[in-house]
Amino acid sequence: MENEFLTRQLKEKRIRPSYQRMRILDYLATHHTHPTADTIYQALKQEIPALSKSTVYNTLITFANAGLVQSVRIDEPGVRFDIKTKQHGHFRCQACDRLIDFDINLDEVNIQGLEQHHITERHVYYQGLCQACLTESNKEEF
Ligand SMILES: [Zn+2]
Ligand SMILES: [Zn+2]
């Protein structure tokens, strides 16, 4: 990712573009795998020995509060982070634990019984076996 682009994104959100923050945002922008804070920490700790797990986590929370990423709480306690903040649904593969994005228009979802409540977040979450794992398990049967 272009450093200039990342710097601009952080500055727009009034976040000081420190080296560590830049690297974490770059990781998210180049790995659309819904990583947890731990995954990002493991990937960057070699390159940035001064990095701590809590720095990664706090940075991700800062990004989430600024709307740069969204946090996805599907399999607690592992909060995953998603660079794609536009509305979309998630499908989790129970075999390989991959989180796959799909498009959904939540405004067209017909919800009944919540009229009196104030909704602040909407998440769509499906679970099952992904195509790759289905192919894999079919192979094993033969
Ligand atoms: Zn799978
Ligand atoms: Zn996603």
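Trainee: At roughly what angle do the axes of H2 and H3 cross?

Mentor: Happy to start there, bearing in mind that this is a predicted model. The axes of H2 and H3 come within 11 Å. Their crossing angle is roughly 110 degrees.

Trainee: Is H2 roughly parallel or roughly perpendicular to H3?

Mentor: Start from the crossing of H2 and H3 at roughly 110 degrees. Angles of 65 to 115 degrees count as roughly perpendicular. That makes the orientation of H2 to H3 roughly perpendicular.

Trainee: And is the crossing of H2 and H3 left-handed or right-handed?

Mentor: Look at the residues that meet there: Arg23, Ile24 and Tyr27 in H2 and Ile40, Ala43 and Leu44 in H3. By class, this contact of H2 with H3 has five nonpolar, no polar and one charged residues. The handedness of the crossing of H2 and H3 is right-handed.

Trainee: How far apart are the axes of H3 and H4?

Mentor: Good one to take next. Two packed helices are described by the angle between their axes and the distance between the axes. Helix H3 covers residues 37–44 and helix H4 residues 53–66, and they pack at an angle of about 125 degrees. The distance between their axes is 9 Å.

Trainee: Are H3 and H4 oblique or perpendicular to each other?

Mentor: The angle between H3 and H4 is about 125 degrees, and the crossing is right-handed. Perpendicular would need 65 to 115 degrees, and antiparallel over 145. H3 and H4 are therefore oblique.

Trainee: How many charged residues does the contact of H3 with H4 have?

Mentor: From H3 come Ala37, Asp38, Ile40 and Tyr41, which meet Lys53, Val56, Tyr57 and Leu60 in H4. By class, this contact has six nonpolar and no polar residues, and the number of charged ones is two.

Trainee: Are H2 and H4 roughly perpendicular or roughly parallel to each other?

Mentor: Helix H2 spans residues 19–30, and its axis comes within 10 Å of that of H4. The two axes cross at roughly 70 degrees. H2 and H4 are therefore roughly perpendicular.

Trainee: How many polar residues are in the contact of H2 with H4?

Mentor: H2 brings Gln20, Arg21, Ile24 and Leu25, while H4 brings Thr55, Val56, Thr59 and Phe63. Four of the residues in this contact are nonpolar and one is charged. The number of polar residues is three.

Trainee: Moving on to the strands, which are the edge strands of the open sheet?

Mentor: The sheet has three strands in the order S4-S3-S5, with mixed pairing. Neighbouring strands are turned by 25 degrees against each other on average, direction ignored. Each edge strand pairs on one side only, and these are S4 (99–102) and S5 (125–128).

Trainee: Which residue in S4 is the bridge partner of arginine 92?

Mentor: Strand S3 (residues 89–93) and S4 pair in the antiparallel sense over four bridges. Phenylalanine 91 stands opposite isoleucine 100 in S4. For arginine 92, the bridge partner is leucine 99.

Trainee: Which residue in the turn of the S3 and S4 hairpin has a positive phi?

Mentor: The hairpin has five residues between S3 and S4. One residue in the turn has a phi of about 70 degrees, and that is aspartate 97.

Trainee: To finish, how far apart do the C-alpha centres of domain 1 and domain 2 lie?

Mentor: The chain is divided into domain 1 (3–82) and domain 2 (89–141). Their contact takes four residues from domain 1 and four residues from domain 2. The side of domain 1 that touches domain 2 has two nonpolar, one polar and one charged residues. The C-alpha centres of the two domains lie apart by 23 Å.

Conventions: Residues numbered from 1 in each chain as written. Chains lettered and ligands numbered in written order. Predicted model: local features only at pLDDT ≥ 70, side-chain atom pairs only at ≥ 80, totals over all residues. Axes fitted to C-alpha atoms, helices over the stretch in contact; angles between N-to-C directions. Helix = DSSP H or I, 4+ residues; strand = E, 2+ residues; numbered from the N terminus. Parallel < 35°, antiparallel > 145°, perpendicular 65-115°, else oblique. Left-handed = near helix turned anticlockwise from the far one by under 90°. Contact = placed C-beta atoms within 7 Å. Nonpolar A, V, L, I, M, F, W, Y, C, P; charged D, E, K, R; others polar. Domains from an automatic or database assignment. Pairing = 2+ DSSP bridges.
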